[in-house]
Amino acid sequence: MKNFDWAKTIVLAVAIVLAGYFIGNMHRIGKQYDRYVQVKGLSQREVNADLAVWPMTISLTGNDLVTLRRDIEEQNEKVTRFFKEQGFSDEELTRGTINVTDARANIYNNSAQQSPYRYLANSEFTVRTSDIPRLQRALAESAELISDGVLLGSKNTWRPIEYIFTGLNDLKPEMIEEATKNAREVAEKFARDSEARVGKIRVARQGLFSISDRDQNTPQIKMVRVVSTIDFQLED
């Protein structure tokens, strides 16, 4: 009976020692896991826009709807012919709707009631192309349309042409890799100052990609940017 009691005591003691060891080891590992540094990695690229959209309007006034319709269609033909002479295809040119407004229908607008023209017609026209240099040349030469009696205006007066970059998916893998490398360099500098070493990635958060104009004067050149936030494990 005494031998049996000693056996239970020994087993219990060994169990307590092992439990203490595992608990202590888990606490030590947990403390090590809590040692990390959070840094941000940057990657940016300067790229050329690969798509341009120029939305514009053709405006005319008149008092006879039949004449006004004929005139606006003639001006649409002149604009189409101008861009085709510049080398654009039918797929790059889109005619929109024609909207006609009766100025005298608004009885509360005194200036409109006194206007010599009753009707205002606006026709939409859009050029969408990947040949950006050609579109810029067309913009510079569009004053010829005024000499031909066409009142052509851009829908966005502060920025006639919208420049777009569509190749983001091709850049994403390389830029994410660069942002990660940049973050590790920052973490390694922090680790050296703390007399530690940078270990594996603990948590990685990819930031949103942003595309913006390089500056106001060259909207056809874009800046692609991403900032990743990464937690690196620190080791002794």
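Helices here are DSSP runs of H or I with at least four residues, strands are E runs of at least two, and both are numbered from the N terminus. Glu73, for instance, sits in helix 2. The structure is a predicted model, in which local features need pLDDT of at least 70 and side-chain atom pairs count only at pLDDT 80 or more, while totals for chains, interfaces and linings use all residues. Residues are numbered from 1 along each chain as its sequence is written, and side-chain values use heavy atoms, with hydrogens and water left out.

Of its 236 residues, 31% are buried, where buried means under 20% relative accessible area, exposed means over 50% and partly exposed lies in between (1.4 Å probe, protein chains only). A contact is counted when heavy atoms lie within 4.5 Å. Among contacts between residues at least 6 apart in sequence, 78% join residues at least 24 apart.

The interior comes next. In soluble globular proteins, nonpolar side chains tend to be buried together. A nonpolar core is taken here as a set of buried Ala, Val, Leu, Ile, Met, Phe, Trp, Tyr and Cys residues joined through side-chain atoms within 4.5 Å. The largest such core has 25 residues, and Val79, Phe83 and Val127 touch the most other members. Two or more residues each are given to this core by strand 2 (51-62), helix 2 (65-85), strand 4 (119-129) and helix 4 (132-141). A second, separate core holds nine residues, including Val39, Ala187, Val198 and Leu234.

Beyond its neighbours up to four places away in sequence, Val79 touches Ile58, Phe125, Leu145, Val150 and Leu152. The C-alpha atoms of Val79 and Asp148 are separated by 9.7 Å, although the two are 69 residues apart along the chain. Asn76 is also part of helix 2, and its relative accessibility of 3% is why Asn76 counts as buried. With residues up to four places away set aside, Asn76 touches Ile58, Arg95, Ile98, Ser123 and Phe125. Glu73, by contrast, is partly exposed, at 35% relative accessibility. From C-alpha to C-alpha, Glu73 and Ser123 are 8.8 Å apart in space and 50 residues apart in sequence.

Lys200 gives a view of the surface. This residue lies in strand 7 (residues 197-205) and is exposed, with a relative accessible area of 69%. Leaving aside neighbours within four places in sequence, Lys200 is in contact with Asp231, Phe232 and Gln233. The C-alpha atoms of Lys200 and Arg184, 16 residues apart along the chain, are 9.9 Å from each other.

Finally, there is the largest pocket. On a 1 Å grid over the protein atoms alone, a pocket is an open set of points where a 1.4 Å probe fits, with protein on both sides within 12 Å along at least five of seven lines, and lining residues have an atom within 4 Å of a point. The largest pocket contains about 170 Å³ of space, a volume being the space filled by probe spheres set on the points, which are joined across faces, edges and corners. Among its lining residues are Trp158, Arg159, Tyr163, Gln216 and Asn217. Domain 2 (36-48 + 166-235) and domain 3 (51-164) both contribute to the lining, so the pocket lies between them; these bounds come from an automatic or database domain assignment.
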